[in-house]
Amino acid sequence: MGRYGGDMRIPLLYGVLLLVAGCSSGTDTGAATLAPPLTPLTPVPSASAGVTTTSPTSRTAVPTAAPAAGTDEAAVAAWIDAGTRADPDKFHTATRDGVATTLHEGVAFTTPGGQAQCMTDPKLGDGVLSCLLRLSDPAPRPIGSEGQWVPGWVDFTGTQINVGSLHADPGPFSVGAGPELTLGSALEFGDYRCRSDAAGLFCVNHAHQTAVKFSEAGIEPFGCLQRVDAPVDVGAKYSC
């Protein structure tokens, strides 16, 4: 009895161990299925995270009419930018007496009726827009000045405007005038964009956030441009 009884307990013990091992293995498998490893939560972006930064002009209400004197520069820029975009490739030539001259990187354009003729000249450096205006009340020749006085010659650099100046020759305008920039059209070149309107020609310099209106009555500055003392060879000067 003792010998056989001890031998019978061995298989019984193995059976118990196998049963326990099987139960334990089933429990682990179930736990892995019901409780997978936690994945770190991804923060939910706030409403402002998807907002794209916009330029000042895109946040500014566009005036319904040509900007009046004292209009904020951003509003002037918004109005100019809202014009019908002209093809810049059509404004790289100037014509005089039927002869067209290619300006390469230069730009030339004329407002309807020829009230303003504008041109960029690489010889004057980057960022200079020169215009010849027909003025109803041009500035007189400065006292003591010598040379040819051109009261309607305006140079706009973005930070300065010179109105009326002395010239020994026609400079860039010797090759003639550029194509017409039709009313309502806006032409972009370099840091500038100009829009033609019945009230005048409006040009903005986006790099310096300044603008100017060219018309028969003269020029109207916007932004930081203010009237300052002009040198003896200039009729009027505006500067930031």
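Colleague: In what order do the strands of the open sheet of six strands stand?

Modeller: This is a predicted model, where local features need pLDDT of at least 70, side-chain atom pairs count only at pLDDT 80 or more, and totals for chains, interfaces and linings use all residues. Residues are numbered from 1 along each chain as its sequence is written, and side-chain values use heavy atoms, with hydrogens and water left out. Strands (E, at least two residues) and helices (H or I, at least four) are DSSP runs numbered from the N terminus, and two strands pair if DSSP finds at least two bridges between them. The pairing in this open sheet is mixed, and its order is β1-β9-β10-β11-β12-β13.

Colleague: Which strands stand at the edges?

Modeller: Look for strands with a single partner, because one side of each is then left without a neighbour in the sheet. Those at the edges are β1 (84–85) and β13 (218–222).

Colleague: How many residues of strand β10 are buried?

Modeller: Buried means under 20% relative accessible area, exposed over 50%, and partly exposed in between (1.4 Å probe, protein chains only). Strand β10 covers residues 192–197 and is largely enclosed by the rest of the structure, because the number of its six residues that are buried is five.

Colleague: Which residue in β10 is the bridge partner of Leu 187?

Modeller: Strand β9 (residues 185–189) pairs with β10 in the antiparallel sense, over four bridges. The two form a hairpin with two residues between them, and Gly 190 in the turn has a positive phi of about 55°. In β10, the partner of Leu 187 is Cys 194.

Colleague: And which residue in β11 stands opposite Cys 194?

Modeller: β10 and strand β11 (residues 200–205) run antiparallel, joined by six bridges. They form a hairpin with two residues between them. Arg 193 has Val 204 in β11 as its bridge partner, while Cys 194 stands opposite Cys 203.

Colleague: Where in the chain is confidence lowest?

Modeller: pLDDT is the predictor's confidence in each residue, from 0 to 100. The chain averages 79, and 74% of the residues score at least 70. Over residues 1–58 the pLDDT is below 50, and beyond near neighbours in sequence this stretch has five contacts (heavy atoms within 4.5 Å) in the model. Strand β4 (residues 108–110) has the highest confidence, at 98, and the lowest, at a mean of 39, is in helix α1 (residues 2–34).

Terms used
Contact = heavy atoms within 4.5 Å.
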